[in-house]
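These notebook entries record what I looked up in one structure, entry by entry. The coordinates come first.

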Amino acid sequence: HAMAPHRGSRSLVTALLVAATTSCHGASAENGALGSASTKASDDSEGREIGNEHRGVAEHTVEIDPQKIGQEGYSHNVTFTNGRRYFLHVPEGWRRHDLLPLWILAPGSSDTSSVFLRMSGVLPHSNDRQFALAALQGSHLNLNVASHGRSVPWGPDDVMYTKSVLRDVVKRVDIDMSRIRCVGFSRGGRFCSRLASELSSFISAIAPVSGIRFPLPNNSTRPMPIIAFHGTSDPVNPWQGNGNPQYWHEPVLGAVQRWSDRNGCMTYKEHEVTPNVIYNMHLDCKDNADVYLVQIRGGGHTWPGTSWTYKPAWRYGKVNQDIDANVEIFRFFKDHHRPATCHTAVLGEACHRHVVWVKKQGLKTQPKLYKGLTKKSSFEDIQAFLRRHIYADCPQPCRAKTRAKMNKAPPKIKKAPHQEEASTTLRKRHKLLLGRDEQRQVETAVLWRPQKFLLATVGFGLFALAAGFAIKRGSHFSRNCQEQMPSTRQMFLGVQREQSSPRSQQARIPFAKLGDRCANDCVCMLCEEKS
């Protein structure tokens, strides 16, 4: 069995997984509490945000005994007041204030969190490799994700539910916020693809098994490392696409290629681990966000390396035992850390809309929710608050002081005393010369006033003489022109008649030719016969 006893915690978990019912995978599933106690959370209403995007903060009163966790680990089933629940597991040996990586587990259709834990066998790996688990559970055992990674509007907001789970987990356990990953099977794999789009500021990598999709639209604000597993003989979500028309359209390779393009990957390699297992690797991506597709030849709609029995076998296909998906996922996550960067939200991003809403309305309508913020709080302070409380998909902001230092002018170089004295002397001389130049300009302006008037008068007289001569010469030109050709008005009328009358050849008006007296004395229109 995938969950054989492992020291204290495994025997405890085995005892917790006794009650069972039937799931869509045809095997036993839990029909009760995973832990010995199920906590009812009191509801501290978060209120309504933009488009009801997040609400329902849950405060819990259950305390964790660090000594108990260190001895046997911690497995607990948490239930919110609205009936939603999730399963939290902290590995044995964990000590308070040690930052743990977190795997968010997303089960398949009609599966409880218990079924997913036993089918995948991930819980023993959590204890061995020291990472926490938070297993989601959909409303009516189905997470809200449909065609192209989108949600159906009449279903519950499971992105908001995931944020509520994260808020509760970080209150109970010290989580490394840069190492929150999502691992999902089938529908859960599609839901991880959706979280990569809607919560990219928190989800640092995803591992969909038999469920990789590319959400449309894709709202991720950073590259996303991905390792996906898919069998080429999957009867539920076909390798070539064209499966269930409600959600499975694009081929697996097409979805992976879209993620590769979005991550800016530059290199493609193939590595054959076994004859039935081939790694399709898109490498040299932005921020080390590589995209791996583990192609399993002849594999079905199953978890690679599991000891789970799928019934009926013809419905789900073969289980590949050449690799263990949990080991490969852990290795990929270990090699792909999120770089420590900051980003202040800009116009057009969801985080920016939340910050603006809080500043304009949220502080007035819900002051208790945003305790510690005021109207004088900076944009960066509000964004950091939203990220710290996981109210919105906000990255760590760049502080205003850091940006000011980057934009600050370089410091001035201090001069030696003798250099300072020389500079002072030069400035005084420059002032003195500048004063003399200004005095000269004033004196010159006063002296030039009568001279300017005289020059203006002479210029006007010369202009009047030239104009009178031109008018007299023009009248002489017009008399000479009238002797050999029609007037200018007649000439233009003649041109119009030539263009409009069909008898233009008979109504032609003679024009002066080059060499005539008119051409020498007048400005005449010269036209060729064909023009």
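Entry 1. I began with Asp287, which counts as partly exposed because its relative accessibility is 41%. I use buried for under 20% relative accessible area, exposed for over 50%, and partly exposed for values in between (1.4 Å probe, protein chains only). The model is a predicted one: local features need pLDDT of at least 70 and side-chain atom pairs count only at pLDDT 80 or more, while totals for chains, interfaces and linings use all residues. I number residues from 1 along each chain as its sequence is written, and side-chain values use heavy atoms, with hydrogens and water left out.

Asp287 is not a glycine, yet I found a positive phi of about 55° there. Asp287 sits in the loop between S14 and S15. Helices (H or I, at least four residues) and strands (E, at least two) are DSSP runs, numbered from the N terminus. I then noted Asn242, also not a glycine, with a positive phi of about 55°. Asn242 belongs to the loop between S12 and H7 and counts as exposed, since its relative accessibility is 67%. As background, most residues other than glycine have a negative phi, and most peptide bonds are trans.

**Entry 2. Cis peptide bonds.** I looked up the omega values next. The bond from Leu216 to Pro217 is cis, with omega near 0°, and Pro217 is placed in the loop between strand S11 (203-209) and S12. The bond from Lys311 to Pro312 is likewise cis, with omega near -10°; Pro312 is placed in the loop between S15 and H8.

**Entry 3. Thr306.** Where is Thr306 found? I located Thr306 in the loop between strand S15 (291-296) and helix H8 (313-316). Thr306 counts as buried because its relative accessible area is 5%. Its side chain reaches the backbone oxygen of Met119 at 2.4 Å. Setting aside neighbours within four places in sequence, I list Met119, Val319 and Gln321 as the residues in contact with Thr306, where contact means heavy atoms within 4.5 Å.

**Entry 4. Disulfides.** How many disulfides does the structure hold? I counted four, taking a disulfide as a pair of cysteine sulfur atoms within 2.5 Å.

- Cys182 is joined to Cys192, S to S 2.0 Å. The torsion about this S-S bond is about -75°, so the disulfide is left-handed. Cys182 lies in strand S10 (residues 175-185) and Cys192 in helix H6 (residues 187-198), so the pair ties together parts 10 residues apart in sequence. Both Cys182 and Cys192 are buried.
- Cys265 is joined to Cys285, S to S 1.9 Å. The link of Cys265 and Cys285 is right-handed, with 105° about the S-S bond. Distant parts of the chain, 20 residues apart, are linked: Cys265 is in the loop between helix H7 (252-263) and strand S13 (267-274), and Cys285 is in the loop between strand S14 (277-283) and S15. Cys265 counts as buried at 16% relative accessibility, and Cys285 counts as buried at 11%.
- Cys351 is joined to Cys394, S to S 2.0 Å. This link is right-handed, with 110° about the S-S bond. Cys351 lies in helix H10 (residues 350-365) and Cys394 in the loop between H11 and helix H12 (400-407), so parts 43 residues apart in sequence are tied together. Cys351 counts as buried at 3% relative accessibility, and Cys394 counts as buried at 0%.

**Entry 5. Helix H11.** I turned to H11 (residues 379-388), which is mostly covered, with seven of its 10 residues buried. The buried ones are Glu380, Ile382, Gln383, Ala384, Phe385, Leu386 and Arg387. Just after H11, Ile390 takes a positive phi of about 55°.

**Entry 6. Cavity.** I found one cavity of 30 Å³ or more. On a 1 Å grid over the protein atoms alone, a cavity is a set of points where a 1.4 Å probe fits but cannot get out, and lining residues have an atom within 4 Å of a point. The largest cavity holds about 40 Å³ of space, a volume being the space filled by probe spheres set on the points, which are joined across faces, edges and corners. Among its lining residues I note Val209, Phe229, His230, Gly231, Ile296, Lys318 and Asn320. Strand S12 (residues 226-231) gives the largest share of the lining, three residues.

Conventions: Polar contact = N/O pair within 3.5 Å; in protein donor to acceptor, adjacent residues only side chain to side chain. 1 Å grid on protein atoms, 1.4 Å probe; cavity = no way out; pocket = protein on both sides within 12 Å on 5 of 7 lines; lining within 4 Å.
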